[in-house]
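Student: I've just opened this model and I'd like to learn how to read it. Can we go through it together?
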Amino acid sequence: MCEILASEEAAARYENQIIELLGTGEYPAKEILRRLQLDWTETKLRDFLKSHKDVEILEKRPLRYTLKNRVAKQKSLFE
């Protein structure tokens, strides 16, 4: 039971680190893993990024990930 909680806490910490990094630019999955020194597989990271609503997938090769620009969306709501 304790191992499951520790695993969930680690996953939440990784998710926060990933989102913080994506807020600074656009990165391919390998670069995210290298910079944050995560013990996730590339597949697990890609699945997380694809399922996260605030992550934008850029159609470059290799695929790059970044945070969606919320400021631009808010601006269009007020116009």
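**Reading the fold**

Tutor: The protein chain has four helices and three strands; helices (H or I, at least four residues) and strands (E, at least two) are DSSP runs, numbered from the N terminus. This is a predicted model, where local features need pLDDT of at least 70, side-chain atom pairs count only at pLDDT 80 or more, and totals for chains, interfaces and linings use all residues. Residues are numbered from 1 along each chain as its sequence is written, and side-chain values use heavy atoms, leaving out hydrogens and water.

Student: In what order do the elements of the protein chain run from the N terminus on?

Tutor: They go α-β-α-α-β-β-α.

Student: Which strands pair with strand 3?

Tutor: Two strands pair if DSSP finds at least two bridges between them. Here strand 1 (residues 27-28) pairs with strand 3 (residues 64-67) in the antiparallel sense, over two bridges. Y27 has Y65 of strand 3 as its bridge partner. Strand 2 (residues 55-58) is also antiparallel to strand 3, with four bridges, and L58 stands opposite R64.

Student: How many residues lie between strand 2 and strand 3 in their hairpin?

Tutor: Five residues.

Student: And where do side chains point in a strand?

Tutor: In a regular strand they alternate between the two faces of the sheet.

Student: What share of the protein chain is buried?

Tutor: Buried means under 20% relative accessible area (1.4 Å probe, protein chains only). Of the 79 residues, 27% count as buried.

Terms used:
Buried means under 20% relative accessible area, exposed over 50%, partly exposed in between (1.4 Å probe, protein chains only).
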